[in-house]
Amino acid sequence: MKTSLLLALLAIAGLASAQSIVPDLDQSGRKGDMARLAYKQAVGEFDAADVDKDGKLTRDEVAKVAPFKADNFDRYDKNKDGFLSWEEFVGHNKWKKE
């Protein structure tokens, strides 16, 4: 839930400027700080939810950390494979999961 709020704030901040909506993780200043915080929280949520450690999340796994995403799972599951990849979970492919 916290990650969704942070990502929404990042999106709003990005819309206010002509730059990309999602800041780079190595960006300096407040946007970079917010991006790194959101990334860290997203990794923690994804890893906590991925109980079988297969790198993808089922609806039930997502429900444990992000009830809103679980309730709207089909919107987040862009390729309709029944799982959320890291990119689908965070909503973009700009941050690679290490």
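I began at lysine 97, which is partly exposed with a relative accessible area of 30%. My cut-offs here: buried is under 20% relative accessible area, exposed is over 50%, and partly exposed lies in between (1.4 Å probe, protein chains only).

The model is predicted, so I took local features at pLDDT of at least 70 and side-chain atom pairs only at pLDDT 80 or more, while totals for chains, interfaces and linings use all residues. I numbered residues from 1 along each chain as its sequence is written, and side-chain values use heavy atoms, with hydrogens and water left out.

Next, salt bridges. I required a side-chain nitrogen of Lys or Arg within 4 Å of a carboxyl oxygen of Asp or Glu. By this rule I get four salt bridges.

Lysine 97 pairs with aspartate 47, with the closest N and O atoms 2.7 Å apart. This pair links distant parts of the chain: aspartate 47 sits in helix α2, lysine 97 in the segment after α6 (86-90), 50 residues apart. Helices are DSSP runs (H or I, at least four residues), numbered from the N terminus. Aspartate 47 is partly exposed at 31% relative accessibility.

I then looked up arginine 36. Its salt bridge is with aspartate 33, closest N and O atoms 2.6 Å apart. Both are in helix α2 (residues 29-49); they are three residues apart, so about one helical turn separates them. Arginine 36 is partly exposed at 32%, and aspartate 33 is partly exposed at 46%.

Last entry: aspartate 74 and arginine 59 form a salt bridge at 3.2 Å between the closest N and O atoms. Aspartate 74 is in helix α5 (residues 73-76) and arginine 59 in helix α3 (residues 59-65), 15 residues apart.

Note on methods:
Helices (H or I, at least four residues) and strands (E, at least two) are DSSP runs, numbered from the N terminus.
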